[in-house]
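Let's take a walk through this structure together, one neighbourhood at a time. Please keep the sequence and the 3D view side by side as you read.

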Amino acid sequence: MNISTEAGYDGLHDQPHAIVEREGVRYTLLGTAHVSRASVDAVEAALATGRYDTIAVELDAQRHRAMTDPDALSKLDLFQILREGKTGLVAGNLALAAYQRRLAEQLGVEPGAELKAAAQGAEARGLRLSLIDRDVGTTLKRAFAGLGFWGRAKLMAGLGASLLADDEVDAGEIEKLKQGDYLESSFGEFAAGSPPLYRAVIAERDVYMANRLRQVGAGGAREVLAVVGAGHLKGLEQHLREDVGSPAPLLSSLDSVPEGSKIPWFTILLVVFLFGGFAWGFWQGGAELGGELVLQWALITGIGGAIGCIAAGGHPLSVLAAFISSPLTPLHPALASGTVSAAVEAWVRKPTYADFLRLRDDTGKLSGWWRNRVARVLVNFFLTSFGTAIGVWIAGANIIGKLG
């Protein structure tokens, strides 16, 4: 790797950086640590030189908005989030933000402070600002698409446990952040042991940011300062030097999310199994056995969803909605009992403006997810859906046992 470490060079001090000149554009890649005051100082010193006409940062539009607009969360539309199936993404982003706050409290430096300094410094100086990272939602979706069912379950369990815990971040995670990649650290050791996850979270983003920089250069920039995590420096420099062809098609492919089967096989199999079981029950045992199977399915799944909603601190009307919808929603591929219950919860206990303003702080503690009305709607969605899923398995096993 062609890394220059000449002290004081162009205001970069002793920070790792690389210089790439290509097609008449000089790219200075500054590798930073997202929890280092020295990285913030290096960014500010580089900006002060007045050398650059363009500043590029390892941020996407969503993270940039969250970092620079303190009221961004107050603009959330809960019903739209539920309707569009983005509940998991919003909850994941809140959990990641909580992880950042724990680091800030522990280390005295806001994670990503150097990226914020670069973005604000560019705007203050009237320089062109380019957000070169891929949308974090796309990265997470591509990562999940490459994992099997148990891989996803393991990842979600580990991620949730590490991000919602109230204890200090361990030394190993901090060392990873000092190498400069916040997402990789958030996923913990699982990223290193999972090629699909590593590819989506690290390797693909190296390619993505390199080709975004090429687009920046093609747009008229001549002196570009790119502020990126040190963990991306080697891969980013390599792709910026070696990639050929138009960046647009490659970026388009990396922005796409692999589609699963459009045929809802699980729902189809469940419907066939369920109605087949009911029909067999009516045939073998008449109305008594068939009616018993239908009633037990409704009660078991309904109670499962209701218990999940109760665990989320749901309003009695939300619990009732969970109980009524849980026997029906498993038979619909695009609807979840959690969506129904959470929508009722948001309608009955309307979150206030203050809830939205406190959302980032409240979700920093596990108890805050239940205390804040916005966060509680998200918890309601997950726990109701989980309770319904458990109910489906128990009810299915019961049908098999009755007919066996």
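Glu23 counts as exposed, at 62% relative accessibility; here buried means under 20% relative accessible area, exposed over 50% and partly exposed in between, with a 1.4 Å probe and protein chains only. Before going further, please note that this is a predicted model, in which local features need pLDDT of at least 70 and side-chain atom pairs count only at pLDDT 80 or more, while totals for chains, interfaces and linings use all residues. Residues are numbered from 1 along each chain as its sequence is written, and side-chain values use heavy atoms, with hydrogens and water left out.

Glu23 sits in the loop between strand E2 (17–22) and strand E3 (25–32). Helices (H or I, at least four residues) and strands (E, at least two) are DSSP runs, numbered from the N terminus. Most residues other than glycine have a negative phi. Glu23, although not a glycine, has a positive phi of about 50°.

Now turn to the charged side chains. Side chains of opposite charge can pair when their charged atoms come close. A salt bridge is counted when a side-chain nitrogen of Lys or Arg is within 4 Å of a carboxyl oxygen of Asp or Glu, and a search of the whole structure finds 16 of them. Arg26 takes part in a salt bridge with Glu21, at 2.7 Å from N to O. Arg26 is buried, with a relative accessible area of 14%, whereas Glu21 is exposed at 58%. Arg26 also meets Glu223 in a salt bridge, at 4.0 Å from N to O. This second pair links distant parts of the chain, with Glu223 in strand E6 (residues 223–229) and Arg26 in strand E3, 197 residues apart. Glu223 counts as buried, at 18% relative accessibility. Taken together, Glu21, Arg26, Arg51 and Glu223 are linked in a network of salt bridges.

Another salt bridge joins Asp133 and Arg63, whose closest N and O atoms are 3.2 Å apart. Here too the pair links distant parts of the chain: Asp133 is in the loop between strand E5 (128–131) and helix H6 (136–145), and Arg63 is in helix H2 (residues 61–68), 70 residues away. Both Asp133 and Arg63 are buried.

Next, look at how two helices pack. Helix H14 (265–311) and helix H19 (residues 373–403) pack at an angle of about 155°, with their axes 6 Å apart. H14 is therefore roughly antiparallel to H19, a label given to angles over 145 degrees. Axes are lines fitted to C-alpha atoms, for helices over the stretch in contact, and angles run from 0 to 180 degrees between N-to-C directions. Ser385 is found in helix H19 and counts as partly exposed, at 22% relative accessibility. Ser385 and Gly305 are 80 residues apart in sequence, yet 6.5 Å apart in space, C-alpha to C-alpha.

Finally, visit the surface. Phe79, Leu295, Leu299, Ile303, Ile307, Leu317, Leu320, Phe323, Ile324 and Trp347 form a nonpolar patch there, with about 960 Å² of accessible area together. Patches are made of residues with over 30% relative accessible area and no salt bridge, and nonpolar side chains (Val, Leu, Ile, Met, Phe, Trp, Tyr) are joined within 5 Å, like charges within 9 Å. Helix H14 and helix H15 (316–325) each supply at least two residues of the nonpolar patch. Phe323 lies in helix H15 and is partly exposed, with a relative accessible area of 32%.

Terms used: Areas by Shrake-Rupley, 256 points an atom, 1.4 Å probe, with all protein chains shown as cover. Parallel < 35°, antiparallel > 145°, perpendicular 65-115°, else oblique.
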